[in-house]
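Colleague: I am new to this structure. Can you show me how to read the surroundings of a ligand?

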Amino acid sequence: MGATAMAIIRYAKDNFELEENQSVLDCLTHGGVIVPFSCRSGVCQTCLMRATGGTPTEASQQGLKDSLRLQNYFLPCVCYPDNDLEVALPDDADAQAVIPATVKSLRLLNTDIMHVELESHAQLDYRAGQFINLFQHQTQGRSYSLASVPHQDNHLHLHVRRLPQGRVSGWIHDELRPGQTVELRGPGGDCFYIPGDHAQSMMLIGTGSGLAPLYGIIRDALSQGHTGPIYLFHGSRDLNGLYLSAELRELMAHYANFNYIPCLSGDDVPAGYASGRAHDIAFAQIPNLKNWRIFLCGHPEMVRVTKRKAFLAGAAMKNIYADAFNVSQPL
Amino acid sequence: MSQQESLYEQIGGEAAVNAAVDIFYRKVLSDERINAFFDDVDMEKQAAKQKAFLTMAFGGPHNYTGLDMRQGHAHLVARGLNDSHVDAVIEDLGATLRELGVKEELIAQVAAIAESTRDDVLSR
Ligand SMILES: Cc1cc2nc3c(=O)[nH]c(=O)nc-3n(C[C@H](O)[C@H](O)[C@H](O)COP(=O)(O)OP(=O)(O)OC[C@H]3O[C@@H](n4cnc5c(N)ncnc54)[C@H](O)[C@@H]3O)c2cc1C
Ligand code: HEM
Ligand code: FES
């Protein structure tokens, strides 16, 4: 090892010596590692990486969302560490080991959505609302959000919606059986509850199985003593598409600050349900989102449009958490 | 004059950029003259790029070259980006700084920095 090395940067099992006044980004790119970058001054976040070992410098985490910082994400272009670091690209599959899990139970929540309960064979350090990647086989995995809350639920809970001709969702609905072992990776994503501002108002909008992360996030927030008002708008076309309504109504009875607004966009809207699309109803009820924390999950187009609307309605960018349930485009 | 604070410091440095980014971006997205250019870009990434833009316009530290500005906006020029759009951006920038209580003389200096990139941004 060269005497001038300030620290060792480890990436995908290769070691790189960090020179004096050299950023982690320069060190890696000089070593031939392809890291996307743009501004090289810690503002654009294009170069985002994650420290899987060691602690990134404070300066390299400036401006990152709390949820990213808590997971040791950092900006290598402005990182000049004194200590060794092991780093990975955010979507670097090798950064996460495969974890086997046993299917504990499968039960339909409605005609399309399956509640999947998994017992992970290794301790999975996750937050409610993050997602795991579940693998049908080695090259075919899909993301599913975690509706369970660590310390509250024994197992991992997923809500999987069956898509027409969907490969992995079809496999989960038709072929998976209790007792079977599956492989997963994760967790990932930054759509989760961060304690700290317990009085902040929260708005959550989900369509279809987009309720999965929200159900976890809400129960997580309430169990951590969130006191601010929490509004959940769950949208579907018809009554059939809603689920966990009884559980959510019960939660509402227990917590005065929790409000559940089931929304139906179809023509048949019985009493007790809001009529219209979930995000339209949400903005009509709560037009000013200044200082609000927002969570948006489900249909990608709903998430995209609503993110912008929430921002224009006054929500700060850093207070908007979203997971678009993007489905991979068929070839 | 070397003791004098830089423009970036006078405006308030990174804290000012952080305060300005949401206000500025909200203005840009609401501005019918230019928001079409920002339609199909990921909001999170876009906001981070707005920060880069503001840092640069405030005279702060950055590594962008004229060539970067050409390459970064070439796809927009191909979509019709012209002087009127640059005017709109500079106007929204001024309105943002006014909202934050920045002095007019500093706003003029910021506008001048943005102005100096006009030809590169428009690939001329
Ligand atoms: C961050 C994140 C979190 C997510 N969380 C959840 C969750 O909690 N719950 C959930 O249900 N989903 C979730 N998803 C979506 C999930 O990951 C999968 O994309 C979804 O289950 C579809 O996978 P699939 O293999 O069943 O469908 P695919 O086989 O990937 O098919 C996708 C779509 O393409 C269509 N298609 C496939 N093949 C063809 C073809 N040959 N011709 C025409 N059309 C075709 C299918 O009909 C289907 O509609 C999430 C996604 C992301 C990105
Ligand atoms: C006034 C001078 C301008 C300056 C100094 C400037 C500066 C910048 C900078 C620094 C970036 C980030 C580049 C990167 O890191 O990738 C950027 C990106 C961008 N700019 Fe500008 N800009 C200017 C004018 C404009 C105008 C007039 C428009 C459109 C109305 C515009 C639209 C965009 C868009 C859409 C992006 C993101 C491009 C992408 O990633 O797809 N800019 N600009
Ligand atoms: S390259 Fe822009 S933040 Fe690192």
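This is a predicted model: local features need pLDDT of at least 70, side-chain atom pairs count only at pLDDT 80 or more; totals for chains, interfaces and linings use all residues.

Colleague: Where does ligand 2 lie?

Modeller: Start with the chains around a ligand. Here, ligand 2 sits between chains A and B.

Colleague: How many residues surround ligand 2, and which are the closest?

Modeller: A residue counts if one of its heavy atoms lies within 4 Å. For ligand 2, the number is 20. The closest are Ser38(A), Lys49(B), Tyr64(B), His73(B) and Thr117(B).

Colleague: Which side chains pair a polar atom with an oxygen of ligand 2?

Modeller: Look for N or O atoms within 3.5 Å of each other. Tyr64(B) has a side-chain N or O atom 2.4 Å from a ligand 2 oxygen. For Lys49(B), a polar side-chain atom is 2.6 Å from an oxygen of the ligand. For His75(B), the distance from a side-chain N or O atom to a ligand oxygen is 3.4 Å.

Colleague: Which elements give two or more residues to the shell?

Modeller: In chain B, they are helix 3 (43–57), helix 4 (66–77) and helix 5 (83–99). Helix 4 of chain B provides the largest share, 4 residues.

Colleague: What classes of residue make up the shell around ligand 2?

Modeller: Sort the residues by class, then count. The shell has 13 nonpolar residues, 6 polar and 1 charged.

Notes: Residues are numbered from 1 along each chain as its sequence is written. Chains are lettered from A and ligands numbered from 1 in the order in which they are written. Side-chain values use heavy atoms; hydrogens and water are left out. A polar contact is a pair of N or O atoms within 3.5 Å; within protein, one must be able to donate a hydrogen and the other to accept it, and residues adjacent in sequence count only if both atoms are side-chain atoms. Ala, Val, Leu, Ile, Met, Phe, Trp, Tyr, Cys and Pro count as nonpolar, Asp, Glu, Lys and Arg as charged, and the others, Gly among them, as polar.
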